[in-house]
Amino acid sequence: MPAPEPERNFFRDLDGVWSRRKVIWRLVPQKDKLSFIGAVLLMALVALVETGIALLLGKFFDRVLKLAGQPATEIMRFATYSLGILAGAYVFKEILNLLRRGLVNRTTTRIEKDMTVRLVGHLLKVDLGALVQPPFTRPQLALQAEVLAAHVAVPVLAHAGHHHL
């Protein structure tokens, strides 16, 4: 009887990732490391813009309170100007987010492709015969054929029956 698997735990998984971070980082090409660092810098810039937006909103409301009793045209001019600045800040923030998402998506896709090619290249060099168990006996082969037929034939027949309904 095999030993029971240890219970999965978020913190144990996080510890596993943290302990392998240096090995993983060495596998990542320099160009991709720079892309990730660029993405982090874009995130910092987005956070700075978001903080600026909050501060601008506070200043705009303070200014509106000071404009109480002023002519409506002056209030409208200030409101138009303020909303234009806020709209520009929000558009700028979203452009930065879009650039960050594109950068991270392109980088992770490139890393996945490179790692897959490296893995397949490694597997092609491995003696796969070493992974196969000793030759099967006729009864074992017959049993495997029956199991395979059951797993393949039953879904195929069930699927074929749905086309005739």
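**Helices, core and salt bridges**

Reader: Which residues make the nonpolar surface patch of about 420 Å²?

Author: This is a predicted model, in which local features need pLDDT of at least 70, side-chain atom pairs count only at pLDDT 80 or more, and totals for chains, interfaces and linings use all residues. Residues are numbered from 1 along each chain as its sequence is written, and side-chain values use heavy atoms, with hydrogens and water left out. A patch is made of residues with over 30% relative accessible area and no salt bridge; like charges are joined within 9 Å, and nonpolar side chains (Val, Leu, Ile, Met, Phe, Trp, Tyr) within 5 Å. The patch of about 420 Å² is made by W25, L34, I37 and L41.

Reader: Which helix gives the largest share of this patch?

Author: Helices (H or I, at least four residues) and strands (E, at least two) are DSSP runs, numbered from the N terminus. The largest share of the patch, 3 residues, comes from α3.

Reader: Is I37 buried, partly exposed or exposed?

Author: Buried means under 20% relative accessible area, exposed over 50%, and partly exposed in between (1.4 Å probe, protein chains only). Areas come from the Shrake-Rupley method with a 1.4 Å probe, and for residues only the protein chains shown count as cover. I37 has a relative accessibility of 44%, so I37 counts as partly exposed.

Reader: How many helices does the protein chain have?

Author: From the N terminus on, the elements run α-α-α-α-α. There are 0 strands, and the helices number 5.

Reader: What span is expected for α3 at 1.5 Å a residue?

Author: The expected span of a helix is 1.5 Å times one less than its number of residues. α3 has 37 residues. From its first C-alpha to its last α3 reaches 54 Å, close to the expected value of 54 Å.

Reader: Which helices do the buried residues of α3 pack against?

Author: The buried residues of α3 are D32, K33, S35, A39, L42, V46, V49, I53 and F60. They pack against α2 (21-27) and α4.

Reader: Which residues does I53 contact, leaving aside its neighbours within four places in sequence?

Author: I53 is one of the core residues. Contact means heavy atoms within 4.5 Å. With those neighbours left aside, I53 is in contact with L86, A89 and Y90.

Reader: How far apart in space are S35 and R100, C-alpha to C-alpha?

Author: S35 is found in helix α3, and S35 counts as buried because its relative accessibility is 13%. Leaving aside neighbours within four places in sequence, S35 is in contact with L103, T107 and R110. S35 and R100 are 65 residues apart in sequence, and their C-alpha distance is 9.4 Å.

Reader: How many residues apart in sequence are R110 and D32?

Author: A salt bridge is a side-chain nitrogen of Lys or Arg within 4 Å of a carboxyl oxygen of Asp or Glu. The side chains of R110 and D32 meet in one (2.7 Å, N to O). R110 lies in helix α4 and D32 in helix α3, so the pair ties together parts of the chain whose separation in sequence is 78 residues.

Reader: Which residues are linked in a network of salt bridges?

Author: E50 forms a salt bridge with K93, the closest N and O atoms being 3.5 Å apart. This pair links distant parts of the chain, with E50 in helix α3 and K93 in helix α4, 43 residues apart. E50 is partly exposed because its relative accessible area is 40%, whereas K93 counts as buried at 11% relative accessibility. The network links E50, K93 and E94.

Reader: How many salt bridges are there by this rule?

Author: Another pair is K113 with D114, whose closest N and O atoms are 3.9 Å apart. K113 is exposed, with a relative accessible area of 52%, and D114 is partly exposed at 29%. By this rule the count of salt bridges comes to 4.

Key: Core = buried A, V, L, I, M, F, W, Y, C linked by side-chain atoms within 4.5 Å.
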